[in-house]
Amino acid sequence: MTLPHTRENVQRMAESFPHKGPPRIDIHCHVIPEEFWKASDEGDSWFGASLVSRNESHYIDTDARFAGPVEPNWRLSVDERIALMDSIGIDIQVVSTPPYFFNYHLSAKEGKESARTINEGLLNLVSQKPDRFSAFATLPFQDVNSAVQELEWAMASGMKGAELCTHVNGINYDDESLWPVFEAAEALGAFLFFHPHNPAGRDRMTSYYTANTIGNPLENTIAISSIISGGVLDKFPDIDLCFSHGGGYASFGAPRIDRGYKVREEASLNLSRLPSDYLKSIYYDCLTHGHTELSFLVNRVGIDRVMLGSDFPFDMGLDSPVDWVKSSELISETEKDLIIGGNAQRVLDF
């Protein structure tokens, strides 16, 4: 099924948006699979994920993640979702599954089945309002060949690319066994959006919500470091990679990584230039939680590399991302427009 999500359709819609400038595009927003909700309504689990009660609240219990409490906006109808988008000035959402439904821990067969079910659900949402939604697929990355096949199917079906975990069951992206997905993405023009899950050091971050507040940015940093130091961007120079949460600590820690490159042979084995230079070849969402930090990111990687991301509907996101970006006094109005929608419109071909 190829979706009627053409540039002409989106342009017609953009002309009716009640604001000047490019459409406002949120590239980091999630949809919990409807099949999960249906199973939960019947008291069943879905590929091992279930809805459980604790202290009079509901939570999603999955492998390596206990998410919640579940809020009403975790399960919205299309009309409800659009109404919320309108209320905060979002024109287009590029939706993806929450990371606890990556399901890389399942068998290869179950991984393929769950990924296709999730992707068909996302496509169904997009087909109902193709002028307001697009989507990133999830891939069954526990089997690389299946992941490539699902990416090919997703792109042929009108999706913009895929959302990947920051590791594949603990394997970093400098492992060349994972590279067929990068090769396919480059050939297909697929945009790859990385989102952390089950972060490294999680066993030491069991309190104070630090597995999310500290662990998720750390995961982004590890993934970016492995991709740069592993030579992925030299091998696939035309690939489009994007990291959530502003890329974690990668931009702030770049000078230290550069120092290692200069003084240690093992830190420079696969690189043709300074590690920090590669940061300008990656995209990032704006979800830094601070205007000073957003300005730092823009100055480090370039304004053309940062896009709007809310992490809707979860509590660590931005309730009104357009307003948040616009309220910054540290970047220009032109830069704000690029972050809010101009960059995504260009890169994702809206």
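**Values against cut-offs**

Tutor: Let's start with K326, which is found in helix 13 (residues 321-326). This is a predicted model, in which local features need pLDDT of at least 70 and side-chain atom pairs count only at pLDDT 80 or more, while totals for chains, interfaces and linings use all residues. Residues are numbered from 1 along each chain as its sequence is written, and side-chain values use heavy atoms, with hydrogens and water left out.

Student: What makes a stretch count as a helix or a strand here?

Tutor: Both are DSSP runs, numbered from the N terminus: a helix is H or I over at least four residues, and a strand is E over at least two. Helix 13 is given as residues 321-326, and K326 is found in it.

Student: Which residues does K326 contact, leaving aside neighbours within four places in sequence?

Tutor: K326 is in contact (heavy atoms within 4.5 Å) with R24, E333, K336, D337 and I340, once neighbours within four places in sequence are left aside. E110, for its part, is 216 residues from K326 in sequence, and their C-alpha atoms are 43 Å apart in space.

Student: How do you know how many disulfides the structure holds?

Tutor: The structure holds zero. A disulfide is a pair of cysteine sulfur atoms within 2.5 Å. For C29, the closest cysteine sulfur is in C286, 12 Å away, so that pair is too far for a bond. C286 is in no disulfide either: its nearest cysteine sulfur, that of C242, is 10 Å away.

Student: Are C29 and C286 buried or exposed?

Tutor: C29 has a relative accessible area of 0%, so it is buried. C286 is also at 0% and therefore buried.

Student: What makes helix 5 parallel, antiparallel, perpendicular or oblique to helix 6?

Tutor: The axes of helix 5 (residues 144-156) and helix 6 (residues 179-188) come within 9 Å and cross at roughly 15°. Axes are lines fitted to C-alpha atoms, for helices over the stretch in contact, and angles run from 0 to 180 degrees between N-to-C directions. Angles under 35 degrees count as roughly parallel, over 145 as roughly antiparallel, 65 to 115 as roughly perpendicular and the rest as oblique. At roughly 15°, helix 5 is therefore roughly parallel to helix 6.

Student: Which residues of helix 5 and helix 6 make the contact?

Tutor: On helix 5 they are V144, A147, V148, L151, E152 and M155, and on helix 6 they are P180, V181, A184, A185 and L188. Sorted by type, this contact has 10 nonpolar residues, no polar ones and one charged. Here Ala, Val, Leu, Ile, Met, Phe, Trp, Tyr, Cys and Pro count as nonpolar, Asp, Glu, Lys and Arg as charged, and the others, Gly among them, as polar.

Student: Which value of phi does Y208 have, and where does Y208 lie?

Tutor: Y208 has a positive phi of about 65° although it is not a glycine. Y208 lies in the loop between strand 8 (191-195) and helix 7 (210-213). In the loop between strand 8 and helix 7 there is also Y209, with a positive phi near 70°.

Student: What about G231: buried or exposed?

Tutor: G231 has a relative accessible area of 8%, so it is buried. G231 is found in the loop between helix 8 (215-229) and helix 9 (232-235). Not counting residues up to four places away in sequence, G231 touches W179 and N270.

Terms used
Buried means under 20% relative accessible area, exposed over 50%, partly exposed in between (1.4 Å probe, protein chains only).
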